[in-house]
Amino acid sequence: MINAVLTHINAARTANGVATLTLSPQLSTASEAHNALMVGGCGLSHQCAGEAGLGERFTAAGVSWTAAGENIGQGNASNTPASITEAANGLTDLMLAEVAPNDGHRRNLLNPAFKRIGLAVTRGSDGRVWFTQDFVN
């Protein structure tokens, strides 16, 4: 699923004249930990109670960075890889459709300064799909 989601994001970047992102295992570890907290009851939030800040999470995961960003989203899907991937890609498409001045997700996705991405897609037992996209230079 993660490779399909990365391919979808990189296709959008290419279509907008921006270099593709490289998947970072260390950054994905930070994304997965954040997703687990959201699924576990924190809800849709960039920082859950007791959780370190964005930059601290990335550094703790062993990621070197000087610029960072994060997109999170939540949707619904049946319990199949294809449905979960479709939900994640649909969330990305909604982010890409944002218009200024409320286009922070789009700006993260298409930011040419960002070179690496961490991704986590988790389907909770209630059918909700949680999505974290973490970006660094």
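**A chat about a disulfide, a loop and a sheet**

Trainee: Hi! Is C42 buried, exposed or partly exposed?

Mentor: C42 counts as partly exposed, with 31% relative accessibility. That value lies between the 20% and 50% cut-offs, so neither "buried" nor "exposed" applies. Keep in mind that this is a predicted model.

Trainee: Got it. What does C42 join up with?

Mentor: A disulfide links C42 to C48, with an S to S distance of 2.1 Å. A disulfide is a covalent bond between the sulfur atoms of two cysteines.

Trainee: Why is the disulfide of C42 and C48 called left-handed?

Mentor: Because the torsion about the S-S bond of C42 and C48 is about -95°.

Trainee: What about C48, buried or exposed?

Mentor: C48 is buried, at a relative accessible area of 5%. The backbone nitrogen of C48 is also reached by the side chain of E51, at 2.8 Å.

Trainee: Oh, where is E51?

Mentor: You'll find E51 in the loop between α2 and α3. E51 is buried too, because its relative accessible area is 11%, under the 20% cut-off.

Trainee: Which residues is E51 in contact with, leaving aside neighbours within four places in sequence?

Mentor: H34, L37, H46 and R57.

Trainee: New topic: the sheet. In what order do the strands come?

Mentor: The order is β1-β3-β4-β2, in an open sheet of four strands with mixed pairing. β1 and β2 stand at the edges with a single partner strand each, so one side of each has no neighbour in the sheet.

Trainee: How do β3 and β4 pair?

Mentor: They are antiparallel, over eight bridges: β3 covers residues 116-123 and β4 covers residues 128-136. As an example to look up, L119 stands opposite Q133 in β4.

Trainee: Which strands does helix α1 touch?

Mentor: Helix α1, residues 2-15, packs on the sheet and touches β1, β3 and β4. Its direction makes about 130° with that of β3. Helix α2, residues 25-42, packs on the sheet as well, touching β1, β2, β3 and β4, and its direction makes about 30° with that of β3.

Trainee: Zooming out, how many helices and strands are in the protein chain?

Mentor: Five helices and four strands, running α-β-α-α-β-α-α-β-β from the N terminus on. The radius of gyration is 14 Å, close to the 14 Å given by the globule rule for 137 residues, so the chain is as compact as a globular protein of that length.

Trainee: Last one: how much of the chain is buried?

Mentor: Of its 137 residues, 45% count as buried.

How values were computed:
Residues are numbered from 1 along each chain as its sequence is written. This is a predicted model: local features need pLDDT of at least 70, side-chain atom pairs count only at pLDDT 80 or more; totals for chains, interfaces and linings use all residues. Side-chain values use heavy atoms; hydrogens and water are left out. Two strands pair if DSSP finds at least two bridges between them. Helices (H or I, at least four residues) and strands (E, at least two) are DSSP runs, numbered from the N terminus. Contact means heavy atoms within 4.5 Å. Axes are lines fitted to C-alpha atoms, for helices over the stretch in contact, and angles run from 0 to 180 degrees between N-to-C directions. Buried means under 20% relative accessible area, exposed over 50%, partly exposed in between (1.4 Å probe, protein chains only). A polar contact is a pair of N or O atoms within 3.5 Å; within protein, one must be able to donate a hydrogen and the other to accept it, and residues adjacent in sequence count only if both atoms are side-chain atoms. A disulfide is a pair of cysteine sulfur atoms within 2.5 Å. The radius of gyration is taken over C-alpha atoms; the globule rule is 2.2 Å times the number of residues to the power 0.38.
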